[in-house]
Amino acid sequence: MKKLKFIGNPLLQSREKINMSSDKKWLTLKTTEDNEEFVVEESVAIMSNVIKNMVEDGCASSVIPVPRVKGNAMGKIIEFCKKHTEESDEKVLKEFDAEFLNLGPDALYDLMVSANFLEIKVLLDSVTTKVADMIKGKSSEEIRNILKIENDLSAEEIEESRRENCWTRQE
Amino acid sequence: MSKPSRPLKIGAPEMNSKLKITNPNGEDRLSSLPDELIHQILSFLGTRQAVQTSILSKRWKRMWTGLPVLSFDGYDQLFPYTHSGIIRFIDHVLENRDQDTHVSCFKFLAVYPFPPNFVRRLINYTIDHNVEELDIDLQFHRYKPFKLSTFSSDTLKKLKLRVPLDYDESLRTDSEWVLPALKALHLIRPPHMSSYNLSEYCLIWLPNLTTLSLDGIRLPESMSSISVPCLTTLIMKRAKLPENVWDLPALLSLELDEVDLPANMNDFFSALVSVRDITISFSGSCKHNWIISCPQLVHLKICTNFSCICWIHEIAVLSNKLRELSLVGIFMVRSKVHELENVSVKLWDTNEFNDATLDEKGLHYDFVIPMLSELGNARTLTLDSAMIEALYTVSNSLGRVPSPFKNLKYVKLPQGNKESGISTTLRKYLLGGNPRATIVTSLPQVLYTVSNHLGRVPSPFKNLKYVKLPQGNKESGISTTLRKYLLGGNPRATIVTSLPQYSRKKKEKKHLNKQQDPDRPARTSQPLLTHKLPLRLYINLYNMSHSPF
């Protein structure tokens, strides 16, 4: 389903703010996998190191193709970047992040891979922290279930590992 | 070798089916992530749990050995280690990790008093492995002071220590403490030691230091004659400022927390010619008025947690660049800027406020109106519940005072308050000075998806031939959804930036002129649209959707 996402301040009342050729620069990011387009302010897009380098090197035209990132992940990423560009209050950002990352593991995985690819450190740190929180303090059995890891070790291998790595109780 | 059978999934209370990766192939997506990402996730878990992941699967068996982050600081209650158990574990980790992998970050919290040699061995290991960030907390355990030369390293960038330190001996002769790469130094005085002055050599021999954080430790007395050209951030807690004013021309950010503020505080401020952020917290009231003449100051935050006002603190901010002001407590802040983008006023720290007596609260309430009258240049005003309560208590006086706010755009209410719950008097006081101001519960959201609307609506244009865009827009800039909405009803329709010339043949052309230029009315006898286009339709198509209010 082709969607248009234009992320901008909805309360633009005055004419000069609406004029797209004003002092704010706009970029169109196009995800090449599913051909979705996103129009964002340059100041938001350059939170991605990859895009920042492209812009600085002057090889970014008005439409930037973004491979490997799916449309819905891109939308979420832009939402994140926009909030982080505009808000400087740490507490507000923390609350926003907590709400924002309230996603299933699949979506988190997509976000993580995309943020890694686009080199958005802030987002990557937030998502990896969230995944870590999901498995923190859990037993290996629980972690396997949460992350859907198949156990391909034999019982002896597990026991050996346990002994070597100084476990002090059965799991 | 036969595959081991899948372990039985015995129901456990924590297991939430929503947490499972619902990939229909049953694929283990996480394990296919690159190593560095898995390492980043593991780095948040503490080395103990990271090592435990070795029994998750074959791929994970040696994953922890390449982890550059070592952190022995979170001792979880589930696995109470014995004293010797921890030592054995740490030794095991250091021996078995991949020796070629450097240590980027090493955190060590001494839950027990470890033998000093053990601690030294850890420090040496990390330095040998090019550690960049070192955090050692020996808490309250008494150790013989560590010489600073113990921490000499070419690669160390961030050093945080809560250990007894020996300054004198190693620093009397030069270059015993070599930290050429150090950018951030954070020293915390161990609880059993009394406050002391940082040795000036600490600063002299750290030419690249950008961040200095001292907790319970004073700056050197000779601070006024020490040059720290790169220092951009200074954080001081629970100490006194030196007698002589510092020389910090490059400082960008200052934070003072529970610092004894001297009478000549104004001189300390004026020495900070580049500072952009200042945060000051103190308890009780500061006895002196301030003139903060920092010409580059952008953010100012002042907090106090006094319980009894005996004196109103007046602060004059002489900076044209001031944009954000955050206050906790009663302060008269005067600034000359035309517009303060964000002003946040809290009367009190919430917890303490709830415990205050009515009398104590009453004392504060009297000063709320004078305080707000100084903040008339606010553009966004954020209030907390205590302020709202205060304003209601003094609403008789509110009615008699004109609104001081000339540039107000938004008043943000604290959590739990409704815009409709605001009384007319309060509304008039807050919004009276500016007709376009509004009271909100959350500042405007920024994400708008139009897909809900455009994507679901079929194109209403059956006879459309041309859509003419306003000046400055390119046809290629039109997204697929908008294109579908506009042109979907007619395959021969096109988006143009200028209307084609009319040929003699008088083809029947119907075009839609979106500019709504009064000089060029739509040349059609039939209504082309299903509904009348507002003037800014083009922009509105992008800017649609739910209002956050």
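Me: Two strands pair if DSSP finds at least two bridges between them. Which strand does β5 of chain B pair with?

Reply: First, the ground rules. This is a predicted model, where local features need pLDDT of at least 70 and side-chain atom pairs count only at pLDDT 80 or more, while totals for chains, interfaces and linings use all residues. Residues are numbered from 1 along each chain as its sequence is written, chains are lettered from A and ligands numbered from 1 in the order in which they are written, and side-chain values use heavy atoms, with hydrogens and water left out. Strands are DSSP runs of E with at least two residues; helices are runs of H or I with at least four; both are numbered from the N terminus. In general, strands of a sheet pair through backbone hydrogen bonds, either parallel or antiparallel. Here β5 (158-162) pairs with β7 (184-188) of chain B, in the parallel sense, over four bridges. K160(B) stands opposite H186(B).

Me: Where else does β7(B) pair, and over how many bridges?

Reply: With β9 (211-215) of chain B, parallel again, over five bridges. A184(B) has T211(B) as its bridge partner there.

Me: Is β7(B) largely enclosed or left open?

Reply: Buried means under 20% relative accessible area, exposed over 50%, partly exposed in between, with a 1.4 Å probe and protein chains only. Four of the five residues of β7(B) are buried, so the rest of the structure largely encloses this strand. Across chain B, 48% of the 549 residues are buried.

Me: What is the strand order in the open sheet of three strands in chain B?

Reply: The order is β14-β16-β18, with parallel pairing. β14 (290-292) and β18 (331-335) are the edges; each has a single partner strand, so one side of each lacks a neighbour in the sheet. The twist averages 15° from one strand to the next. β16 (313-317) and β18(B) share five bridges. One of the bridge pairs is E314(B) with M332(B).

Me: Now helices. At what angle do α7 and α8 of chain A pack?

Reply: Two packed helices are described by the angle between their axes and the distance between the axes. Axes are lines fitted to C-alpha atoms, for helices over the stretch in contact, and angles run from 0 to 180 degrees between N-to-C directions. α7(A) and α8(A) (140-147) pack at about 135°, axes 9 Å apart. Under 35 degrees is roughly parallel, over 145 roughly antiparallel, 65 to 115 roughly perpendicular, and the rest oblique. These two helices are therefore oblique.

Me: Which residues meet there?

Reply: V131(A), M134(A) and I135(A) meet I143(A), I146(A) and L147(A). Six are nonpolar, none polar, none charged. Nonpolar covers Ala, Val, Leu, Ile, Met, Phe, Trp, Tyr, Cys and Pro; charged covers Asp, Glu, Lys and Arg; the others, Gly among them, are polar.

Me: How do the axes of α4(A) and α5(A) cross?

Reply: α4 (71-86) and α5 (90-100) cross at roughly 170°, with axes coming within 11 Å. That makes them roughly antiparallel. Their contact has five nonpolar, one polar and four charged residues.

Me: Last one. Is W64(B) buried or exposed?

Reply: Buried, because its relative accessibility is 5%. W64(B) lies in the loop between α3 (58-61) and β1 (69-72) of chain B. Contact means heavy atoms within 4.5 Å. Leaving aside neighbours within four places in sequence, W64(B) has contacts including N165(A), H92(B) and R97(B).
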